[in-house]
Amino acid sequence: MALRRLVTLQSHLLPSRSLAITAPLATRPLTAFKLGSAFSTAPPADMSEIKQLVDSTIAENNVVVFSKTYCPYCKKAKTILQNITDDVKVLELDNLDEGSTIQAYLKQLNGQGTVPHVYIRQEFIGGCSDLQQIPADKLKKMIAGTA
């Protein structure tokens, strides 16, 4: 029974299902596969470096969005902000080796485990739905620093 589960799991992890099973899954290095965004083939980044990167990005930019390229909520949030200002700093976490670590630090920072993370003038706004609740006039004033 356990062997059947391993063969089934192995068939899902192999690049092509047409490949013959030549060795049990346990003998293949799992680091060769990237499973979703929870695992990375890169070595874990030092959390102090991640903290410095995130904190300086938030401090040095008026508008920051921590995003993922495939996320429809991230796309919506970026569109809302880019329609108001060209000064939007976007970090696409799925394109960064340390993206998972950055997202883990953001969760420690503000308690939100999902993307997008929107910051305006160093203030955490929230995600897309939080951003959408802010009237456009107020959002413009927040970005301009006059709110």
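Val 63 is buried, because its relative accessibility is 0%. This residue belongs to strand β1. The model it sits in is a predicted one.

**Around Val 63**

What does Val 63 touch, beyond residues up to four places away in sequence? Its partners are Leu 81, Thr 85, Asp 87, Val 88, Lys 89, Tyr 119 and Ile 143. Val 63 and Gln 122 are 59 residues apart in sequence, and their C-alpha atoms are 7.9 Å apart in space.

Ile 143 counts as buried because its relative accessibility is 9%, and the cut-off for buried is under 20%. Leaving out residues up to four places away in sequence, Ile 143 touches Val 63, Leu 81, Ile 84, Thr 85, Ile 120 and Arg 121. The C-alpha atoms of Ile 143 and Tyr 119 are separated by 9.8 Å, and the two residues are 24 apart along the chain.

**The whole protein**

Now step back. The protein has six helices and four strands. Along the sequence, their order is α-α-β-α-β-α-β-β-α-α. The protein has 147 residues, and 33% of them count as buried. How much of the contact total, at a separation of 6 or more, comes from residues 24 or more positions apart? The share is 53%.

The largest nonpolar core holds 15 residues. Leu 81, Val 118, Ile 120, Ile 125, Leu 131, Leu 139 and Ile 143 have the most contacts inside it. Which elements give two or more residues to this core? They are β1 (63-67), α3 (72-82), β3 (117-120), α5 (128-132) and α6 (136-144).

Take Leu 139 as an example. Setting aside neighbours within four places in sequence, Leu 139 is in contact with Ile 80, Leu 81, Ile 84, Ile 120, Leu 131 and Ile 134.

A second core is separate and has 14 residues. Among its members are Ile 50, Val 54, Phe 66 and Leu 106.

**Where α2 meets α4**

Two packed helices are described by the angle between their axes and the distance between the axes. Here is one such pair. Helix α2 covers residues 47-60, and helix α4 covers residues 99-110. Their axes come within 10 Å and cross at roughly 70°. An angle of 65 to 115 degrees counts as roughly perpendicular, so α2 and α4 are roughly perpendicular to each other. The crossing of α2 and α4 is right-handed.

Which residues meet there? From α2 come Met 47, Ile 50, Lys 51, Leu 53, Val 54, Asp 55 and Ile 58. From α4 come Thr 101, Ile 102, Tyr 105, Leu 106, Gln 108 and Leu 109. By class, this contact has nine nonpolar, two polar and two charged residues.

Cys 128 is in helix α5. Is Cys 128 buried or exposed? Cys 128 is buried, because its relative accessibility is 5%. Not counting residues up to four places away in sequence, Cys 128 touches Tyr 73, Lys 76, Ala 77 and Pro 116. Ala 77 is 51 residues away from Cys 128 along the chain, yet their C-alpha atoms are separated by 5.2 Å.

The peptide bond from Val 115 to Pro 116 is cis, with omega near 5°.

**Two positive phi values**

Most residues other than glycine have a negative phi, and most peptide bonds are trans. Two residues here have a positive phi without being glycine. They are Arg 121 and Gln 122. Arg 121 lies in the loop between β3 and β4 (123-126). Gln 122 is in the loop between β3 and β4.

| Residue | Phi | Relative accessible area |
|---|---|---|
| Arg 121 | about 50° | 35%, partly exposed |
| Gln 122 | near 65° | 41%, partly exposed |

Both residues link back to the earlier sections. Arg 121 is touched by Ile 143. Gln 122 has its C-alpha atom 7.9 Å from that of Val 63.

Note on methods. Residues are numbered from 1 along each chain as its sequence is written. This is a predicted model: local features need pLDDT of at least 70, side-chain atom pairs count only at pLDDT 80 or more; totals for chains, interfaces and linings use all residues. Side-chain values use heavy atoms; hydrogens and water are left out. Axes are lines fitted to C-alpha atoms, for helices over the stretch in contact, and angles run from 0 to 180 degrees between N-to-C directions. Angles under 35 degrees count as roughly parallel, over 145 as roughly antiparallel, 65 to 115 as roughly perpendicular and the rest as oblique. A crossing is left-handed if the near helix is turned anticlockwise from the far one by less than a right angle, and right-handed if clockwise. Contact means heavy atoms within 4.5 Å. Ala, Val, Leu, Ile, Met, Phe, Trp, Tyr, Cys and Pro count as nonpolar, Asp, Glu, Lys and Arg as charged, and the others, Gly among them, as polar. A nonpolar core is a set of buried Ala, Val, Leu, Ile, Met, Phe, Trp, Tyr and Cys residues joined through side-chain atoms within 4.5 Å. Buried means under 20% relative accessible area, exposed over 50%, partly exposed in between (1.4 Å probe, protein chains only).
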